[in-house]
Amino acid sequence: MMRISEVINLTYEELLIESDNNNLIAKEKELPISKGRIKGNRIAINKSLTETEKKCVLAEELGHYHTTVGDILDQSEVNERKQELQARAWAYSRLVGLDGIIEAYLHGCENLYEIAEYLEVTEEFLNDALLHYKSKFGTHVETDEYIIFFEPSIAVLERNPNVLLKIEISAG
């Protein structure tokens, strides 16, 4: 069983501070073909994105800083794709996490939109995080007090057998 840590719902501003604390220079710029990019100690975030989108992109770029070695822009190599997935997993852990799913359940969220809004991430980012967790854990994962099911839809079950809340996630 996994232990759940305290949820840290970081804001975009707090991620910028974290970047600065790691001696990274994060700037918003016009980026014609990407949402964000890291090169050396510089992170560029597309300035036309919403605050929520910027938060998700910055978390992924910080994930690259913490997990990636070298230039991985060419995704034709298996190693580069693995590093991309590691960076995204780092971001999912920071902004969603199993603890975030449980906190959303405790808050009363009932669908993908409500969970994304509660966690202050995009629906796309949340959906990708859920697919990542399903790939990592399979149909479900157990924590100290909860079981999170990823199939047939996301559901959180408190270990008290008398309490069940199912959160349906629809594709549309």
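User: What order do the three strands of the open sheet have, and what pairing?
Analyst: The order is 1-3-2, and the pairing is mixed. Strands here are DSSP E runs of at least two residues, helices are H or I runs of at least four, and both are numbered from the N terminus. Two strands pair if DSSP finds at least two bridges between them. This is a predicted model, in which local features need pLDDT of at least 70 and side-chain atom pairs count only at pLDDT 80 or more, while totals for chains, interfaces and linings use all residues. Residues are numbered from 1 along each chain as its sequence is written, and side-chain values use heavy atoms, with hydrogens and water left out.

User: Which strands stand at the edges?
Analyst: Strand 1 (25–29) and strand 2 (36–39) do; each has a single partner strand, so one side of each is left without a neighbour in the sheet. From one strand to the next, the twist averages 20°. Angles run from 0 to 180 degrees between N-to-C directions, with axes fitted to C-alpha atoms, for helices over the stretch in contact.

User: How many bridges join strand 2 to strand 3?
Analyst: Four, and the two strands run antiparallel, strand 3 being residues 42–46. Ile38 stands opposite Ile43 of strand 3.

User: Which strands does helix 2 lie across?
Analyst: Strand 1, strand 2 and strand 3, and helix 2 runs at about 155° to strand 3.

User: Lys55 is in helix 2. Buried or exposed?
Analyst: Lys55 counts as buried, at 2% relative accessibility. The cut-offs are under 20% relative accessible area for buried and over 50% for exposed, with partly exposed in between (1.4 Å probe, protein chains only).

User: What is Lys55 in contact with, leaving aside neighbours within four places in sequence?
Analyst: Asn9, Leu10, Thr11, Tyr12, Leu15, Leu95, Leu119 and Glu120. Contact means heavy atoms within 4.5 Å.

User: Switching to helix 6. Which residues are buried there?
Analyst: Phe125, Leu126, Ala129, Leu130 and Tyr133.

User: What span should helix 6 have?
Analyst: Its 15 residues (123–137) should span 21 Å, and the end C-alpha atoms are 21 Å apart, which agrees. The expected span is 1.5 Å times one less than the number of residues.

User: And what follows helix 6?
Analyst: Gly138, with a positive phi near 90°.
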